[in-house]
Amino acid sequence: MSSMSDQPTTAVDLARNVRDGIAKAVDVVDEYLARIDERDGEINAFNLVLADQARERAAEIDEMVSLGRDPGPLAGVPVALKDNLCTRGIPTTCSSKILAGWEPPYDATVVTRLRDAGAVFVGKTNLDEFAMGSSTENSAFGPTRNPHDTTRVPGGSSGGSAAAVAANFAAVSFGSDTGGSIRQPAALCGVVGVKPTYGAVSRLGLIAFGSSLDQIGPFAHTVSDAAVALETISGHDPGDSTSIQQGPLDLSRTLDLGVAGLRVGRITDLPKGASSDVEERLEAAFDALREAGAEIVDVEMPAFSYGLTAYYLIAPAEASSNLARFDGVRFGMRTPAPDTNSMYTATRTDGFGAEVKRRIMLGTYALSAGYYDAYYGRAQKVRRLIANDFAAAYAKADVLLTPASPTVAFALGDKASDPLAMYLCDTYTIPSNLTGDPGMSVPFGTGEHGLPVGVQILAPALKDDVMFQAAAALERHMQNHQDQIVSAS
């Protein structure tokens, strides 16, 4: 095991050590829990720490090893779960008052698959309420802070999950990505974050925000850890009607292939807005891949810049529909009132935060009679144009490179009062949610104030393996140039 000042032990190495009997799962988990105990008061990555359950589960893993049984590819690995993933009998809040006291009666499919692979859950992580935000400041549990600089945000909405890995509170964590909610915080916290192809991972048990956009994916210290984590949770689930009829993703085999002959696309008409330090790191990434044998090709994507406007009609519309179930009747909190309609209003008024209310109203308006075609219908047409542009780009390039976030981590409170400034944080990540294609952020050095910068790799649907191939090449470049970002502990 590493000390807090060392490079963190990878999940792959942890699991191997536990399976081989070199390390005890209980000792591994105790070390991670000690770090959480020591520093999470400052970071606020967790809504709930599951210390007793984690130790109990770790003991079960050690028992399996002693009996000669293989606990799985994540044997004894401490894992953190975003608090919008259902966990049976364990509070799941979406960082909202409206779900206070609710304990799901079932596990999300990804939770079941992780447990079956030997993972040990150390806690449920903080998020922007119902995954709506880019800074993890919209939470009933207070903001999460960036482990690299606690005066700054970790990104969002999966900021707690990103911070948990960056602070080495968990070896791997999981979040959801509706418009960049894995990739943007991964970039700001200096970790790997992946949004897989839509439908490659079951959404059963993920509390829905935008059902045609949401996707579950991992955060990890390394590309290979992210690959193993994503392989573990992927594959068909008959319980999810949007699940693709195929087996688990096969990613790890591509990591050592290199990128000789790979066509890497540079989007010539990419929306402006990235800071100069982020642009410099993106240029360095193109150079690194060219040096490794890839061919850099120019592509045009005129509809890319419309992603933000289309998304902020489609996502709130889907949220308006999905969040209608939170009414004070079936689960969560209830504010008493003289009649049913008054109770609905009072419960939602007390239970939802400002950003959630803003998006519900926006979405309800976009879906209302007389406005549906003008707003929602038109946004769906723009979504098709964006998909067409991606298809044309992928005819020329195997992967595309863009910034993951326009800037490094910004100060807490900096954009909180300006929704549009906050929405612009997702300029580069949103389009691939609209198309369902995979995307990932890979740490690629530092920018202003020595803070992490992430480069985004995008690939066509079901070409997650090619995306990981390029990501591994970027990671190797960083390792070879001794410029790799270390854990912020």
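Q: In this predicted model, which cysteine sulfur is closest to that of Cys-189, and how far away is it?
A: Cys-189 is buried, with a relative accessible area of 1%. The gap from its sulfur to the closest cysteine sulfur is too far for a bond. That partner sulfur belongs to Cys-425, at 13 Å.

Q: How far is the sulfur of Cys-94 from the closest cysteine sulfur?
A: Cys-94 counts as buried, at 0% relative accessibility. The closest cysteine sulfur sits in Cys-86. A disulfide needs the two sulfur atoms within 2.5 Å. The Cys-94 sulfur is too far for a bond, at 7.8 Å.

Q: How many disulfides does the rule count?
A: The cut-off is a sulfur pair within 2.5 Å. Cys-189 is too far from Cys-425 for a bond, and Cys-94 is too far from Cys-86. The count comes to 0.

Q: What is the radius of gyration of the protein chain?
A: The chain has 15 helices and 11 strands. The globule rule gives 23 Å for 489 residues, and the chain's value is close to that, so the chain is as compact as a globular protein of that length. The radius of gyration is 21 Å.

Q: What share of the residues is buried?
A: Buried means under 20% relative accessible area. The chain exposes about 17,600 Å². Of its 489 residues, the buried share is 62%.

Methods
Residues are numbered from 1 along each chain as its sequence is written. This is a predicted model: local features need pLDDT of at least 70, side-chain atom pairs count only at pLDDT 80 or more; totals for chains, interfaces and linings use all residues. Side-chain values use heavy atoms; hydrogens and water are left out. Buried means under 20% relative accessible area, exposed over 50%, partly exposed in between (1.4 Å probe, protein chains only). Helices (H or I, at least four residues) and strands (E, at least two) are DSSP runs, numbered from the N terminus. The radius of gyration is taken over C-alpha atoms; the globule rule is 2.2 Å times the number of residues to the power 0.38. Accessible areas come from the Shrake-Rupley method with a 1.4 Å probe; for residues, only the protein chains shown count as cover.
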